[in-house]
Amino acid sequence: MSDLRTHAAEIAEQFSDHLDVDEAEVEERLENLVEEYRVPVEEARRSVINSYLEEAGLERDEIGRGGNDEVRLADIDEDEQWIDVTAKVVELWEPRSESIAQVGLLGDESGRTKFVAFETSDLPKLEEGAVYRLGNVVTDEYQGNFSVKLNKTTSIEELDEEIEVGDDSTTVEGALVDIQSGSGLIKRCPEEGCTRVLQNGRCSEHGDVDGEFDLRIKGVLDDGERVYEIIFGRDVTEDLTEITLDEAQQMAMDALDTTVVVDEMREDLLGTYYRVSGPELGRYVLADEVERLTEPADPEAVLIKARSI
């Protein structure tokens, strides 16, 4: 039970300035969830923390986890871990939600990771190309892809140094032989910090919500020897299909059916050879650059040809 005792001590320390939390009580609650209800340790930890947050009237980013380890971006492999990182701001993107102050890519020698900073955190703005030591950021995970979130407790120190950012990108070529479900006009969860795709109007974490429209393609590229799962984000999808988000919404409204969007994408894109470049995150290649190498052909014939290469 030493592992639970360690978690209990950390939780009690986190809330020491806000509640009269007894370490033994925390351990007992963790033990009850893990042993009685067979809840995984990390899930039990989150459940106990959430209950204390509610009791104290606090938000998750108002507490930290002192004594963080300095972690390389490529070594992030757990959700909801409080860490410190030293990284370069490789790229800043235009936020697509009013709740987000900044979003972009951080990079260090090991690779690149997405970061998000929220308006409510009221942090100094990061500058593209600058190097920072970021203390007390929290990791996030979705479908095997990790990112970091800056929060109210994050410390930001600009450093007078340079970082050679590791190149974790790859380039693949092949025939687009499938566009998977969850492509086309989709809705994402609007809750702060959550970008999960809704299933039947429901977020797996936040339940029933009014989603925000987005465009994406989850494609399968086949080079004759292996297949690659490719994620085309909104910008790349708009460029590739020449269908904007507004146009996709109008198409769906006219047809009273969102599937008309992905159906048109399939008709235009399947059976075409592409060269795709971008970082590998989990089992996916995230398409940053896409080059169309051929005109569309019969996808079944293309798949047979690809398999025969």
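Helices are DSSP runs of H or I, at least four residues, numbered from the N terminus. The structure in the viewer is a predicted model.

**Helix 4.** Select Arg234 and Glu238, which form a salt bridge whose closest N and O atoms are 3.3 Å apart. The two residues are four places apart in helix 4, and so are separated by about one helical turn. Arg234, at 24% relative accessibility, counts as partly exposed, whereas Glu238, at 18%, counts as buried.

**Helix 6.** Proceed to Asp263 and Arg266, where a salt bridge brings N and O atoms to 3.7 Å at their closest. These residues lie three apart in helix 6, again about one helical turn. Both are partly exposed: Asp263 has a relative accessible area of 41%, and Arg266 one of 28%. Next, select Glu173, Arg275 and Glu291, which salt bridges with shared partners join into one network.

**Strands 9 and 12.** Now display Arg188 and Asp214, whose side chains meet in a salt bridge (2.6 Å, N to O). Arg188 belongs to strand 9 and Asp214 to strand 12, so the pair ties together parts that are 26 residues apart in sequence. Both residues are buried. In total, the structure holds 13 salt bridges.

**The nonpolar cores.** Finally, select Ile179, Leu221, Ile230, Phe232, Leu269 and Val276, the residues with the most contacts inside the largest nonpolar core, which has 25 residues. Helix 6 supplies the largest share of this core, four residues. Apart from it lies another core, of 18 residues, including Ile83, Ala87, Tyr132 and Val148. To close, centre the view on Val276; among the residues it touches are Thr170, Val172, Leu221, Ile230 and Phe232.

Methods: Residues numbered from 1 in each chain as written. Predicted model: local features only at pLDDT ≥ 70, side-chain atom pairs only at ≥ 80, totals over all residues. Heavy atoms only, no water. Core = buried A, V, L, I, M, F, W, Y, C linked by side-chain atoms within 4.5 Å. Buried < 20%, exposed > 50% of the residue type's maximum accessible area, 1.4 Å probe, protein only. Contact = heavy atoms within 4.5 Å. Salt bridge = Lys/Arg side-chain N within 4 Å of Asp/Glu carboxyl O.
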